[in-house]
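Good morning, colleagues. Please have the sequence and the model in view while I speak.

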Amino acid sequence: MPIIKKRAWDLPESAVTPEHVFLNRRQILAGLGFAAASGVAGGSLFSRAAHAADDPSAELYPVARNDAYQVERAITPEKVSSTYNNFYEFGSHKQIASAAQALKIRPWEVKIDGLCDNPQTIGIDDLLSKVQLEERVYRHRCVEAWAMTVPWSGFPLADLVKLAGPQAGAKYLRMETFFDPEVASGQRASWNPWPYVEGLTIEEATNELAFMATGIYGKPLAKQFGAPLRLAVPWKYGFKSIKSIVRFTFTAERPVSFWEKIQAAEYGFWANVNPEVPHPRWSQATERLLATDERVPTRLYNGYGEQVAHLYKDLEGEALFM
Ligand code: MTE
């Protein structure tokens with residue numbers, strides 16, 4: 001994961017049109033008989049229209065905020081976080097937002113299998129009807145040393161684990177992203193071990209902080225954030241928070257993640273945030289906040305030690321922080 005020097009929010013004003021302006025333009029274009037799908041409208045206008053049309057969950061949002069998960073930092077503006085993304089399926093740079101609009105998020109089926117009593121394939125809207133959605137404000141710390149603070153909407157991963165009913169032999173939860181090189185040009189790079197895979201121990205997956213995000217900023221997840229279902233594990237480096245998940249597998253074996261396969265010496269299984277353990281190629285002592293560019297000290301477990309430190313007792317021999 002190279003650090004890209006150019007800041008994505010250095011966009012021309014025209015590329016970051018505020019939402020009310022889009023919407024007004026949409027109404028005007030609709031009045032003129034332009035269909036969004038005509039492709040007449042460029043960039044963000046097209047994506048907004050497409051997003052509203054193909055996401056039937058829109059009416060579920062906004063959801064009530066759970067005040068137990070508050071952050072002292074300012075929320076990163078949506079126009080910044082939604083135009084500076086890591087989603088290698090759509091390119092190995094940060095400006096993938098418009099390419100990601102090609103992802104079709106309905107129908108979207110999620111397979112739950114492996115060592116569990118209730119294996120099933122469930123449509124995303126069915127899954128949404130079985131869970132209680134809430135909003136949580138979390139910090140997010142990328143291994144590349146940038147950070148953001150965003151309001152996710154979603155449900156505890158523990159609820160999905162409960163739905164599956166893991167068997168005694170299940171020690172890990174393996175998660176997998178979609179694989180469709182026709183829409184995701186990055187997946188045509190056959191030297192990478194697609195699909196993207198990540199994993200957690202069952203104890204991590206059922207920790208109160210592990211969250212399945214289905215929305216952000218009071219709306220369904222925009223595609224560049226990993227619609228329609230992505231993980232948010234805020235005490236770990238961001239690459240653990242896998243996007244656009246299609247499969248959850250309960251397993252006895254520790255899954256090998258996408259990044260671990262590519263470079264095991266730099267990206268491990270645990271990947272807990274720690275300012276004192278540098279990445280082999282850069283320091284992790286500080287982080288850069290998106291939008292303000294402020295440099296602030298990195299915190300152990302990204303500031304979530306109270307909730308998660310106990311998970312790593314007696315694991316001192318493991319590479320817990322890479
Ligand atoms: N999930 C998939 N499927 N593909 C990816 O490239 N990138 C990861 C993670 N999840 C990634 C992914 C990394 S490195 C980070 S930092 C976060 O997504 C970025 O999330 P954001 O773009 O919503 O900020």
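Let me begin with a question: does Pro151 count as buried or exposed? The model before you is predicted, and in it Pro151 has a relative accessibility of 4%. Pro151 therefore counts as buried, since that value is under the 20% limit. As for its place in the fold, Pro151 belongs to strand 4, which covers residues 146-156. Thr76 is 75 residues apart from Pro151 along the chain, yet their C-alpha atoms are separated by 9.1 Å.

What does the side chain of Asp55 contact? Its partner is the side chain of Arg106, and the polar contact between the two is 3.2 Å.

Arg139 counts as buried because its relative accessibility is 5%. Its side chain reaches a backbone atom, namely the oxygen of Asn302, at 3.0 Å.

I come now to the ligand. Which residues come nearest to the ligand? There are 19 residues around it, and those that come nearest are Asn85, Tyr88, Glu89, Ser241 and Lys243. Sorted by class, this shell comprises 10 nonpolar, 6 polar and 3 charged residues.

For Asn85, an N or O atom of the side chain is 3.0 Å from an oxygen atom of the ligand. For Arg230, the distance from a polar side-chain atom to a ligand oxygen is also given as 3.0 Å. For Lys243, an N or O atom in the side chain is 2.7 Å from an oxygen atom of the ligand.

How much of the ligand's accessible area does the protein cover? On its own, the ligand has 530 Å² of accessible area, and the protein covers 100% of it. The space that the ligand takes is the largest cavity.

To close, I would ask you to keep two views in mind. One is the ligand, with Asn85 and Lys243 among the residues that come nearest. Thank you for your attention.

How values were computed. Residues are numbered from 1 along each chain as its sequence is written. This is a predicted model: local features need pLDDT of at least 70, side-chain atom pairs count only at pLDDT 80 or more; totals for chains, interfaces and linings use all residues. Side-chain values use heavy atoms; hydrogens and water are left out. A residue is near a molecule or strand if one of its heavy atoms lies within 4 Å of it. A polar contact is a pair of N or O atoms within 3.5 Å; within protein, one must be able to donate a hydrogen and the other to accept it, and residues adjacent in sequence count only if both atoms are side-chain atoms. Accessible areas come from the Shrake-Rupley method with a 1.4 Å probe; for residues, only the protein chains shown count as cover. On a 1 Å grid over the protein atoms alone, a cavity is a set of points where a 1.4 Å probe fits but cannot get out, and a pocket is an open set with protein on both sides within 12 Å along at least five of seven lines; lining residues have an atom within 4 Å of a point. A molecule sits in a cavity or pocket if more than half of its atoms lie within 2 Å of its grid points. Ala, Val, Leu, Ile, Met, Phe, Trp, Tyr, Cys and Pro count as nonpolar, Asp, Glu, Lys and Arg as charged, and the others, Gly among them, as polar. Buried means under 20% relative accessible area, exposed over 50%, partly exposed in between (1.4 Å probe, protein chains only). Helices (H or I, at least four residues) and strands (E, at least two) are DSSP runs, numbered from the N terminus.
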